[in-house]
Amino acid sequence: MTSSQEQFVQKEIQKISLPSANTMRLLEINSNPEHCLQDVIDLVKLDSALTARTLRIVNSAAFCPLVPINSIDRAVSYLGEKMIVGIAVTESCGKILNQPLEGYESPAGDLWKHDLFTAFAAKEVARYAKNGMEADLAFTAGLLHDIGKPVLSKLLENASKTTIDALDHGEAKDYLAAEKLVSGVEHAEVGYQLAKYWQLPAPIAAAIRFHHNPSEAIEEFQPLVYAVHLGDIIAMMSGYSTGSDSLQYTLDSHYENFFTFSSNELTKIISDTETAFRPALESLAGKEEN
Amino acid sequence: MSDLVLGIGDFGVSKDPSTSIKTYALGSCVAVILYCPTIQAAGMIHIALPESKVNPARAKEKPGFFADSGLPQLLSALTKIGGPIKGKGVRVKLVGGASIMDKNEIFNIGKRNLLAIKKILWAHGLGAVAEEVGGTISRTVSINVSNGEVKIFSAGRGNWTL
């Protein structure tokens, strides 16, 4: 990356608002393997906007509880930790994740759908971990894995054809390498710089940096990073992608060291992910207010 | 021209010549596109997975999500708007069924989708006259009801006709 490209990336990163203090605290709680749901409930209670949004969503048509839920304790238990993270991240980062990615020929909203589908898919994949893992953390890391794209998109503007040509002509082995060839940097690296600027917890930052090269993550974080790697691929296969880079990455088959599932079980992962994703997308998009 | 847009697991038919049936971002999913030139009717389905046995509840709610539960319903819907009862004279085109850049068979859902779809089409005496399938690209596809023209778009690669 040239110094002018580096300066551009740093300038764009600093333009992005930091997530709210409560969202950052929630991500820290979520990344701590010793946490319990009560920690999440206590945090939500401190945030009136998050409390109101959580109660609106839990009583929306997408989740339709048998009787209205008015207590935040019950709402968090009913929705689960992953949805609370989803609500908080939507509030804090919705603006950046909902913007169009001109550099990828991807319309507004597609990145957010891709991230949300990846989150649910990574959580489903986590169920097939050989040694067990934190499924809710896989969800969170999936939700944030592509935060570098809105920044890099600006460097790649009008370059999606050039990037695809680099791939088709064998000048790059995958889209990540093609991005680097065209812009001097890849979206995973830009995302990692943003993660450091935001001071995101280390496991989430690792998933952002290495979701296309999971074997390069430190051993401790590899199960999580592989879950996000697979979730990302499943999202692209399922049609939730961000334009020109869809399916243009390599699957790292070493995932088999951490997860075991058959082809039929993969179809179940896809189907279950779609089932969980739909109501979450509708409610987080605010359709519960219609 | 108005678009009848199909989401994942949706299917639709139309005889309105001012309409185009369209579905976005086929990854490993497959669009089966039917056209009946004698009555200028078209149909399309966006299939995600081959077999409904993995999630019967989902198949009940959205039959088009699976090849085995959705394809018979698309053929039936086309018949209801005047298409031939046994599909005779219906032109079939297939688009999608891509895979990730790897030879891992577990992840080759696109290939499994295509095999399941072709098996069902054969059982109905139908076969594809044109295909734009496989590979590692995402495709958006539309059919113009007035003339049966099928157009494909892929970001970074532009438009072409099938």
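1. The contact between the two chains comes first. Chain B gives 30 residues to it, and chain A gives 40 residues. Keep in mind that this is a predicted model.

2. How much area do chain B and chain A bury between them? The value is about 2,800 Å², with 59% of it on carbon and sulfur atoms. Three residues of chain B stand out here. B:Ile100, B:Met101 and B:Phe107 supply 24% of the area that chain B buries against chain A, more than any other three residues. The size of an interface is often given in this way, as the accessible area lost when the parts come together.

3. Now look at charges and polar atoms across the interface. The rule finds two salt bridges between chain B and chain A. B:Arg157 forms a salt bridge with A:Asp168, and their closest N and O atoms are 2.7 Å apart. Seven residue pairs are in polar contact across the interface of chain B and chain A. By class, the side of chain B that touches chain A has 17 nonpolar, eight polar and five charged residues.

4. A network of salt bridges links A:Glu274, A:Arg278, B:Arg58 and B:Glu61. Within chain B, the side chains of B:Arg58 and B:Glu61 meet at 3.6 Å, N to O. Both lie in helix H1 (residues 56-61) of chain B, three residues apart, about one turn of the helix. B:Glu61 is exposed, because its relative accessible area is 59%.

5. An α-helix has 3.6 residues a turn, so residues three or four places apart point the same way. A:Lys15 has a relative accessible area of 56%, so it is exposed. A:Glu12 has 7%, so it is buried.

6. Another salt bridge joins A:Arg53 and A:Glu91, with the closest N and O atoms 2.8 Å apart. This pair links distant parts of the chain: A:Arg53 is in helix H4 of chain A, A:Glu91 is in helix H6 of chain A, and they are 38 residues apart. A:Arg53 counts as buried because its relative accessible area is 9%. A:Glu91 is partly exposed, at 48%. Over all chains, the count comes to 24 salt bridges.

7. Stay with helix H4 (residues 48-58) of chain A. Which of its residues are buried? They are A:Leu50, A:Thr51, A:Arg53, A:Thr54, A:Ile57 and A:Val58. The cover over them includes helix H3 (37-45), helix H5 (72-79), helix H6 (81-97) and helix H15 (263-284) of chain A. At the start of H4(A), a side-chain oxygen of A:Asp47 comes to within 3.1 Å of the backbone nitrogen of A:Ala49.

8. Last, the cysteines. B:Cys29 counts as buried, at 2% relative accessibility.

Notes
Residues are numbered from 1 along each chain as its sequence is written. Chains are lettered from A and ligands numbered from 1 in the order in which they are written. This is a predicted model: local features need pLDDT of at least 70, side-chain atom pairs count only at pLDDT 80 or more; totals for chains, interfaces and linings use all residues. Side-chain values use heavy atoms; hydrogens and water are left out. Contact means heavy atoms within 4.5 Å. Buried area is the accessible area (1.4 Å probe) that two parts lose on being put together, summed over both. A salt bridge is a side-chain nitrogen of Lys or Arg within 4 Å of a carboxyl oxygen of Asp or Glu. A polar contact is a pair of N or O atoms within 3.5 Å; within protein, one must be able to donate a hydrogen and the other to accept it, and residues adjacent in sequence count only if both atoms are side-chain atoms. Ala, Val, Leu, Ile, Met, Phe, Trp, Tyr, Cys and Pro count as nonpolar, Asp, Glu, Lys and Arg as charged, and the others, Gly among them, as polar. Buried means under 20% relative accessible area, exposed over 50%, partly exposed in between (1.4 Å probe, protein chains only). Helices (H or I, at least four residues) and strands (E, at least two) are DSSP runs, numbered from the N terminus.
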